[in-house]
Amino acid sequence: MDNRDFNPFDETPRTAGGLSSRRLALIGLAAFVAIALVVWWAARPRIAHHEPAPKQVESVPEGTRNVTLYFADTDEPNIHPETRELAVSHREDEQLREVIDALIAGPTASEGLSAIPGGTKLLSAMVDADSGTVYLDFSGELVSNHPGGSAAEYCTIAAIVRTVGDNFPELQRVQLLVDGAQVESIAGHLRADQPFVVKEWR
């Protein structure tokens, strides 16, 4: 053994590898701090970064709107418009039903009359947005109670088609149904088994 390395007054205990207990304590402390930092980092509350929620489309509140309805003239085979304020819902199909129901009910003014046969009811209104077609399903009275004649039949179809076209410009075609099915004609003069093009009836 080299006596130059031996100091009998050095009381610091050494490990087998030559490290002092002080150095071991420092290493242990550093390891403890490192572990504590890792634990703190893993457990700390995180701020969530969420994608902004898509904006919800607000429904249009129910209210009133001005509508144009077409009624038959009393003294000649023609139709004329009547504008009135009508209470409506926000959905398009519901508005269609409300407008057509008002058309069936007849004018508020003294002149004119409804071109829709008495007893007729609108059973449903369905919109195909892709083709711009509305399907109006009427009860059987549209045919069975019709007075007949080409002029009266023209007024019935024109009143419906022009009322739809004026109040719902996004709709370009009107298909009339009776009790859920297509009919060849309402009164035998004009074909009704294909949609009526709105712009052809202006």
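A residue counts as buried when its relative accessible area is under 20%, as exposed when that area is over 50%, and as partly exposed in between. The legends below refer to a predicted model.

**View A. Helix α4 and its buried residues.** Helix α4 covers residues 150-167, 18 residues in total. From its first C-alpha to its last it reaches 26 Å, close to the 26 Å expected at 1.5 Å a residue. Buried positions in α4 include Glu-153, Cys-155, Thr-156, Ile-157 and Ala-158. Further along the helix, Ile-160, Val-161, Val-164 and Asn-167 are also among the buried residues.

**View B. The largest nonpolar core.** This core has 40 residues. Ile-100, Leu-136, Phe-138, Ile-160, Val-174 and Leu-176 are the residues with the most contacts inside it. Two or more residues come from each of β1 (63-72), β2 (79-88), α2 (92-105), β3 (122-128), β4 (133-138), α4 and β5 (173-178). Helix α4 gives the most, with seven residues.

**View C. The surroundings of Ile-160.** Leaving aside residues up to four places away in sequence, Ile-160 touches Leu-103, Ile-116, Leu-136, Phe-138, Val-174 and Leu-176. Ile-160 itself is a buried residue of α4.

**View D. Strands β1 and β2.** The two strands pair in the antiparallel sense over 10 bridges. A hairpin of six residues joins β1 to β2. Thr-64 has Ala-87, in β2, as its bridge partner.

**View E. The aromatic cluster of Tyr-154, Phe-196 and Trp-201.** These three residues form one aromatic cluster. A search of the whole structure finds two aromatic pairs. In the pair of Tyr-154 and Trp-201, the ring centres are 5.5 Å apart and the planes lie at 20°, so this pair is stacked. Because Tyr-154 lies in helix α4 and Trp-201 in the segment after β6 (196-197), the pair ties together parts that are 47 residues apart in sequence. Phe-196 and Trp-201 form an edge-to-face pair, with 5.6 Å centre to centre and 85° between the planes.

View F. Tyr-154, at 36% relative accessibility, counts as partly exposed.

**View G. Arg-65 and the ring of Phe-168.** The charged end of Arg-65 sits over the ring of Phe-168. Its distance from the ring centre is 5.2 Å.

How values were computed. Residues are numbered from 1 along each chain as its sequence is written. This is a predicted model: local features need pLDDT of at least 70, side-chain atom pairs count only at pLDDT 80 or more; totals for chains, interfaces and linings use all residues. Side-chain values use heavy atoms; hydrogens and water are left out. Helices (H or I, at least four residues) and strands (E, at least two) are DSSP runs, numbered from the N terminus. The expected span of a helix is 1.5 Å times one less than its number of residues. Buried means under 20% relative accessible area, exposed over 50%, partly exposed in between (1.4 Å probe, protein chains only). A nonpolar core is a set of buried Ala, Val, Leu, Ile, Met, Phe, Trp, Tyr and Cys residues joined through side-chain atoms within 4.5 Å. Contact means heavy atoms within 4.5 Å. Two strands pair if DSSP finds at least two bridges between them. Rings of Phe, Tyr and Trp (its six-membered ring) pair if their centres lie within 6.5 Å; planes under 30 degrees apart count as stacked, over 60 as edge-to-face and the rest as tilted. A charge sits over a ring if NZ of Lys or CZ of Arg is within 6 Å of the ring centre and within 35 degrees of the ring normal.
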